[in-house]
Amino acid sequence: MSTLAQLVIHDRSGDAGGGAGGESGCVADNGFCPSWIVDHFDRYLHPFWQHVYLSVIAVVAGFLIAFGLALLAHRRHWLVGPIIGITGVLYTLPSIAVFFLLQPITGRGALTALIALTAYTLLILFRNIITGLANVPVDVIDAARGLGFTDRQVLWRVELPLALPEIIAGLRIAATTTVGLATLAFFAGAGGLGGEIFADITFKSNVVTAGVLCLLLAIAFDVVLLAIQRLLTPWMRALPIERRRRFMLWRTNEAVTA
Amino acid sequence: MNFGGAIDFIFHARESRAGGTEVGGSQLLPLIGHHLLLTGVSVAIAVAIAVPFALWLGHIGKGEFLATSIANVGRAVPSLALIAFFVAYLGVGFENVTLALVLLAIPPMLTNTYVGVRQVDRDTVDAARGIGMSALQIMRRVELPLAAPLIIGGVRTSVVNVIATATIAPLAGYVTLGDPIIAGGVYGSDGQLGAAILVAFIAICAEALFALLQRAAVPRGIRISHQLSGGTS
């Protein structure tokens, strides 16, 4: 039942024996060995895709839930406080603890990790969506009503498009955070790059390879979401650079204060 | 794994699975002590570095890009990777874990302090300058108190993050409440779950404590003006 028993601890000495003289020297000295990384890169591929799977599913599921909650709270404002309170508690619980707290209920595996990771994204996403909707100028909504838009049309054709920068900002924060937290998902038996780091934590080549892959994954999600935002909000590009930077700063602040 | 066994582990010592030593119950107290000590030291060092630096950056109005970038990069670096990097390159021990946790704690405080100072009404700062306050006095007696709630908000985020990450400190050779979680073979699954419950409990307590502090840090004058304007915070 122990965590350690389910992890494969990589045997470095065995790897070194099969390599060339220079390489085994590097591995034996625990150096940073590019040739070792090239030779053993395959072992990171499966954990990498597990990591991608966990992160994508958690963010998408979290977004769907948070989006539903935000639409509900947008109509019934008294719900905002309780929802922030509950998702705030979920956000405060250390992920590593939750990966264990869920195990008596959902067992070990990807499902447990996904529930925990999804729960983490809720606060960030809900807060950003609801802030985005609240920031839509009242005049614009009045103008839309004046044109004869129904509530539903106002929401989907005016409010949501104008809230997009905040919504995508929330998704970017949620995605990078989730990629980071998913490194602990192996504690729930869900694999991911964290398992590789843990398997040989003193070996520089291993730690750097797995760590850099995590970082690249986080950056990749961020770039993709940024590109989506640029495509969906062409009007933002018309803003002067100074206002865009102010907006960025404000957004980061939103993310940090609980 | 079940909750009953975990609760029993928290309150009553038992023999370790390998035998020989006692685990759980009162044996958890040193682990809790280490966990809190590591958190306290790391956060204190991070506050001493991040708050004055960001206060100064905010005062002179430079480094906006730096403040946002550090926050973004800080979020993207997984805590496990950070700890592992320190273990692989600097070795194990209290100092090395502390250093890693300090790096983890700095970004939220830096960003929050910076934003807190920048949000101070420019007229207020001009008025302070007009009555002859020096730059240092403005920072200490005007900008710092007005930014205090946001600064404490940053500390709160950092404290909760550090409590969570201190759980993996045993990987770097410093035994905290994470030990039962990581060394499940010694403590058994009750120990893993029990320690997880304790870590979660400590994080919630810290969060609640700092939420109260944050509320208490709102300067009285601001509190009154908020009440008058219907509290738009």
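In chain A of this predicted model, let us begin with contacts between residues with a separation of 6 or more: 74% of these contacts join residues 24 or more positions apart. For chain B, among contacts between residues at least 6 apart in sequence, the share that joins residues at least 24 apart is 74%.

Which elements make up chain A? The secondary structure of chain A consists of 13 helices and zero strands. Read from the N terminus on, the order is accordingly α-α-α-α-α-α-α-α-α-α-α-α-α. Chain A has 258 residues, and 41% of them count as buried.

A:Leu90 is found in helix H5, which covers residues 80-92 of chain A.

I turn now to a pair of helices. Two packed helices are described by the angle between their axes and by the distance between the axes. In chain A, helix H8, residues 110-134, packs with helix H10, residues 151-181, at an angle of about 160°, and their axes are 8 Å apart. Why are H8(A) and H10(A) described as roughly antiparallel? Angles over 145 degrees count as roughly antiparallel, and the angle here is about 160°, so the pair falls in that class. The crossing of H8(A) past H10(A) is right-handed.

Which residues make this contact? From H8(A), they include A:Leu117, A:Tyr120, A:Ile124 and A:Leu125. From H10(A), they include A:Ala163, A:Ile167, A:Gly170 and A:Ala174. By class, the contact of H8(A) with H10(A) comprises 13 nonpolar, seven polar and two charged residues.

Next, the second chain. Chain B has ten helices and two strands. Their order from the N terminus on is α-β-β-α-α-α-α-α-α-α-α-α. Of the 233 residues in chain B, 48% are buried. Along the principal axes, the C-alpha atoms of chain B fill a box of roughly 75 × 45 × 25 Å.

How do the chains meet? In chain A, 41 residues are in contact with 46 residues of chain B. On the side of chain A that touches chain B, at least two residues each come from H6, H7, H10, H11, H12 and H13 of chain A. Which helix gives the largest share? That helix is H12(A), with seven residues. The residues on this side of chain A divide into 24 nonpolar, 15 polar and two charged.

Finally, the confidence of the prediction. Chain B has a mean pLDDT of 87, and 96% of its residues reach 70 or more. Among the elements of chain B, helix H2, residues 28-60, has the highest mean pLDDT, 94. The lowest, 70, belongs to helix H10, residues 220-228, of chain B. The scores for the model are ipTM 0.85 and pTM 0.85.

Technical notes: Residues numbered from 1 in each chain as written. Chains lettered and ligands numbered in written order. Predicted model: local features only at pLDDT ≥ 70, side-chain atom pairs only at ≥ 80, totals over all residues. Axes fitted to C-alpha atoms, helices over the stretch in contact; angles between N-to-C directions. Helix = DSSP H or I, 4+ residues; strand = E, 2+ residues; numbered from the N terminus. Parallel < 35°, antiparallel > 145°, perpendicular 65-115°, else oblique. Left-handed = near helix turned anticlockwise from the far one by under 90°. Contact = placed C-beta atoms within 7 Å. Nonpolar A, V, L, I, M, F, W, Y, C, P; charged D, E, K, R; others polar. pLDDT = per-residue confidence, 0-100. Buried ≥ 20, exposed ≤ 12 C-beta atoms within 10 Å, placed from the backbone.
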